[in-house]
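Please look at the sequence and the model before reading on.

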Amino acid sequence: MEIQTNVTEFILMGFSHDPHLQIFLFLVFLVIYLITLVGNMAIMLVIRVDLHHHSPMYFFLSHLSFVDICYSSVVVPKMLVNFLAKHKTISVNGCLAQMFFILLLAVTEIFILSGMAYDRYAAICHPLHYAVTMNKQVCSLLVGCSWTMGLLYSLVNTVLVLKLHFCGPNEISHFSCELPPLLQLSCTGTFTNKIALLSSAVIFGFSSFLFTLVSYMFIISTVLRIHSAEGRHKAFSTCSSHLIVVGLLYMTAIFQYVKPSSVTSLVLDELFSIQYSILTPMLNPIIYSLKNREVKTALRKIMEKDTVCVT
């Protein structure tokens, strides 16, 4: 399908047009992007190199890191170019491609996080059957389903956008081609698109959230039955990184897409978008590294090996 439009490109308005501030923002987001790449690649390397990390939890974590690298790479490079460019444009096809991958990766990430919640449920609530419950086939199936859900969500909304007509204006009040601001530029009715976006966001988002919530309800119930304080602390500590990551992602994404229509601050929209599309991919490896002793130990060993090789 080809989109019917008189517009050949969109203008991403982004942030301030002050040249000095643009350079400052370029440097800030460049550092964030580099930290995101290095952090997530380091996590993937540790999991691949260290045989002790070939467990279901780290299998999911490596896929989460891969999704975070892709998510950040879909948004940030174009943003960095626009900070230095006089004309902050993106082609219509480029805009649609960016929108498609934003939707795909966002939903894939929340379902991978749901799979990680189920993994923690199996480890804490049924430790004796953990190896059987979370075998290689089950882990691969959960990751495959995550990508399938992301693809379905993205296709449903993208196909409907292809039926819209854009005849101007072509200025997107955002730093990326997210769906809500793009719909505001359509010359044709977007009621169907808005219904599809809301319903699919509720269906996919709520199902993932419910899966995670139920898993943690069983986890909390099991942990509270542990008599020793040390045992309870040890059980909760295995979930702390995951809970922080889930909280950051859900709070910002839900507010962005399901907030009341009366809340229309463009600055607020952009801040929340930065949080879940740029900062969260950077924070995930940092959170897992700081909160997980095994990851910290493995990173230290790899760095020591590299130091020995250099000397």
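The text below covers the ring pairs and then one leucine. The model is a predicted one.

**Aromatic pairs**

Nine aromatic pairs turn up when the whole structure is searched. A pair of aromatic rings is described by the distance of the centres and the angle of the planes. Two of the pairs are set out in the table.

| Pair | Geometry | Centre to centre | Angle between planes |
|---|---|---|---|
| Phe 10 and Phe 166 | edge-to-face | 5.5 Å | 85° |
| Phe 29 and Phe 83 | stacked | 5.8 Å | 25° |

Phe 10 belongs to strand β2 (residues 9–12) and Phe 166 to strand β4 (residues 165–166), so this pair ties together parts that are 156 residues apart in sequence. Phe 10 and Phe 166 are both buried.

The stacked pair of Phe 29 and Phe 83 also links distant parts of the chain, with Phe 29 in helix α1 (residues 19–49) and Phe 83 in helix α2 (residues 56–84), 54 residues apart. Phe 29 and Phe 83 are both buried.

Elsewhere, Tyr 118, Tyr 121, Phe 211 and Phe 218 are joined into a cluster by ring pairs.

**Leu 164**

Leu 164 sits in the loop between α5 (136–161) and β4, the strand that holds Phe 166. Is Leu 164 buried or exposed? Its relative accessibility is 3%, and because buried means under 20%, Leu 164 counts as buried. Leu 164 and Leu 183 are separated by 19 residues in sequence, and their C-alpha atoms are 8.7 Å apart in space.

Note on methods. Residues are numbered from 1 along each chain as its sequence is written. This is a predicted model: local features need pLDDT of at least 70, side-chain atom pairs count only at pLDDT 80 or more; totals for chains, interfaces and linings use all residues. Side-chain values use heavy atoms; hydrogens and water are left out. Rings of Phe, Tyr and Trp (its six-membered ring) pair if their centres lie within 6.5 Å; planes under 30 degrees apart count as stacked, over 60 as edge-to-face and the rest as tilted. Helices (H or I, at least four residues) and strands (E, at least two) are DSSP runs, numbered from the N terminus. Buried means under 20% relative accessible area, exposed over 50%, partly exposed in between (1.4 Å probe, protein chains only).
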